[in-house]
Amino acid sequence: MKTFFALLLFTSIAFSQNEDLETFSWNANKPLVWKDFKGAPNQSTDAAALTASGITFGFSIGKTGDRITDFTTTVECLFYPSESWYKPEDASPHILKHEQLHFDITELHARKFRKQISRLKASSSLRNQLNDLYKSISLASSKMQNLYDEETNHSINREKQTAWNILIAQELKKLEAFKTQ
């Protein structure tokens, strides 16, 4: 029996700097489908698929004189179709669900980021605080993505996969207030 597994590519700055790269935002009403994966499959790996997703953010700071008085931010969870791929001969609903959960984990961390931002106050250290939060949330997301693949053995361990499906659904629900759509 051939072993199939999925890989994750967590992206942040690398993809966000290429404005020509096709993206779409996470949407609870639009789960991933195989046609969203438009990249060329990597035939040199046993991986059945790869999901490229990441968190992008931007901010604007309002000042009165030298004093920072307010700020706005945007935080998006994005999927990168041209960087995501699958092998049609290995595609299955189970593997697609595994890939969806990678995207969901990215969305979970986007919500955590929005929650942390909501607690910030305008101050002279705001720019550094935002950048530090972004680095921290990116690292936390990457660690969770790796743990997910490790514990599920890249979707092979179906019992662990089911446990992760439940966990991430619960965590997303807890942070529903920080969903953008």
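**Helix packing exercises**

Helix H3 passes helix H4 in a right-handed crossing. The model is predicted.

**Exercise 1.** Determine how H3 and H4 are oriented relative to each other, and which residues form their contact.

Solution.
1. H3 covers residues 126-152 and H4 covers residues 158-174.
2. The two helices pack at an angle of about 150 degrees, and their axes are 8 Å apart.
3. Angles over 145 degrees count as roughly antiparallel, so H3 is roughly antiparallel to H4.
4. From H3, the contact takes in Met144, Leu147, Tyr148, Glu151 and Thr152. Their partners in H4 are Lys160, Gln161, Trp164 and Ile168.
5. Sorted by class, the residues of this contact are 5 nonpolar, 2 polar and 2 charged.

**Exercise 2.** Carry out the analysis for H2 and H3: find the orientation, the handedness of the crossing and the residues that meet.

Solution.
1. H2 spans residues 93-118.
2. H2 packs on H3 at an angle of about 155 degrees, with 10 Å between the axes.
3. The cut-off for roughly antiparallel is over 145 degrees, and H2 and H3 are therefore roughly antiparallel to each other.
4. The crossing of H2 and H3 is right-handed.
5. H2 contributes residues including Leu101, Ile105, Leu108, His109, Lys112 and Phe113. Those on the H3 side include Leu133, Ile137, Ala140, Met144, Tyr148 and Thr152.
6. The contact of H2 with H3 has 12 nonpolar, 8 polar and 3 charged residues.

**Exercise 3.** Name residues of H3 that meet both H2 and H4.

Solution.
1. Met144, Tyr148 and Thr152 in H3 meet residues of H4.
2. Met144, Tyr148 and Thr152 are also among the H3 residues that meet H2.

Technical notes. Residues numbered from 1 in each chain as written. Predicted model: local features only at pLDDT ≥ 70, side-chain atom pairs only at ≥ 80, totals over all residues. Heavy atoms only, no water. Axes fitted to C-alpha atoms, helices over the stretch in contact; angles between N-to-C directions. Helix = DSSP H or I, 4+ residues; strand = E, 2+ residues; numbered from the N terminus. Parallel < 35°, antiparallel > 145°, perpendicular 65-115°, else oblique. Left-handed = near helix turned anticlockwise from the far one by under 90°. Contact = heavy atoms within 4.5 Å. Nonpolar A, V, L, I, M, F, W, Y, C, P; charged D, E, K, R; others polar.
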